[in-house]
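My notes follow in the order I looked.

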Amino acid sequence: MSLHRRQVSVAAASAEGTDGGPDAGLPSAERGGRRRRWPRRKRGGRLPWLPLFIIVFLLVLPALFAPWLTSHDPLRGVLADRLKPPFWMEGGSTDYLLGTDKQGRDVFTRILYGARISLMVSMAAIVIGTVVGCTMGLLAGFYGGIVDRIVSWLIDTFLSLPVVLLALVIVSAIGPSFVTIISIISVTIWAVFARQVRGETLAIREADFVARARVSGASDLRILFRHILPNIANTLVVLATLQVGVVILEESSLSFIGAGIPRPQPSWGVMVADGRELVVSAWWLTLFPGLAILLVVLSLNLVGDWLRDFMDPKTRQRR
């Protein structure tokens, strides 16, 4: 009787498209559940929907569509409406959703335009830092010798530079501007990319496919950009994502102390600095731009961590 039951179970499994393996005796719903869960584990877990939502709706969309999301001017205010509280408080108005500052400027509008400044500065600094750092790291890791020693010395030197002190010296000499803050951050951030790329290149240059490329007569330039660079692209994507949050935090910090974006531009750091004297009586001046910095930087870090797990084959196998 048991042999007959086994034959019936195998026949039923075959009819359902299975081979009678370890899941053959399980109900079809449970087998389906296993098949549905496996790809999600292999991909590195669920997408971080909440951090992505915050990045899109608090950074990307305001930066791209700020003029269409508000009717107020971020640089000009109405003195008669100065220091109005948010709309849900007594004395507030729906014309100023998050209240106004000392000059009667709409806080909500300045946060939207502040996202544009943060995105512009971070993208420019990341692009410059990636290009310069990736090039220097590839050359140092591939050629070694005197090239590696010189690049390594430069990396250590620039990583040891205090960003705040460097910014204060440069700003005191030439004045604050967009170009100045982008240059200051780029000077310090390229070394982070160069150090990571150098380490990856040192490991990859000893691989068999690089040796075969040499034997086939490929030039150094082709080996660098055709064989080595594609193998470190995942690392660059993850590192760039994590560094966006670092750049936004550095820009806000420098703007807060007066060494970043010049007033009256609506940088988030400038807004926090302008409201620190009224933090008790007009708390919304510092709270809302501070929350914007916190949420965006935290979300970028969470997305970067997810990308690191998603693009790492070893992590996907462990999952």
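I began with what the buried residues of α3 pack against: α4 (107-143), α10 (233-256), α11 (268-275) and α12 (284-311). The model is predicted, and I read it as such. I then listed the buried residues of α3 themselves: P51, I54, I55, L59, P62, A63 and A66.

Next I checked the shape of α3. The helix covers residues 49-69, 21 residues in total. Its end C-alpha atoms are only 23 Å apart, while a straight helix would reach 30 Å at 1.5 Å a residue. Where does α3 bend? I found a bend of about 70 degrees at P62. P62 is also on the list of buried residues of α3.

L59 is among the residues with the most contacts inside the largest nonpolar core, along with I111, V121, I228 and W268. That core has 60 residues. Leaving out residues up to four places away in sequence, I noted that L59 touches I54, A115, S118, L119, I248, W268 and V296. I also logged a second, separate core of six residues, including V151, I155, A191 and A194. For context, nonpolar side chains tend to be buried together in soluble globular proteins.

Then I turned to the rings. I count nine aromatic pairs in the structure. One of them joins F53 and F57, with 4.4 Å centre to centre and 35 degrees between the planes, a tilted pair. Both residues lie in α3, four residues apart, about one turn of the helix.

I looked at F87 and W88 next. Their ring centres are 5.4 Å apart and their planes are at 85 degrees, so I logged the pair as edge-to-face; the cut-off is over 60 degrees. F87 is partly exposed, with a relative accessible area of 40%. W88 is partly exposed as well, at 49%. Which residues share an aromatic cluster with F87 and W88? I found W283, W284 and F288 in that one cluster.

My last entry is a charge and a ring. R276 lies over the face of F256, at 4.9 Å from the ring centre.

Conventions
Residues numbered from 1 in each chain as written. Predicted model: local features only at pLDDT ≥ 70, side-chain atom pairs only at ≥ 80, totals over all residues. Heavy atoms only, no water. Helix = DSSP H or I, 4+ residues; strand = E, 2+ residues; numbered from the N terminus. Expected span 1.5 Å × (residues − 1). Bend = angle between axes of the 7 residues up to and from the residue. Buried < 20%, exposed > 50% of the residue type's maximum accessible area, 1.4 Å probe, protein only. Contact = heavy atoms within 4.5 Å. Phe/Tyr/Trp six-rings, centres within 6.5 Å; stacked < 30°, edge-to-face > 60°. Lys NZ or Arg CZ within 6 Å of the ring centre and 35° of its normal. Core = buried A, V, L, I, M, F, W, Y, C linked by side-chain atoms within 4.5 Å.
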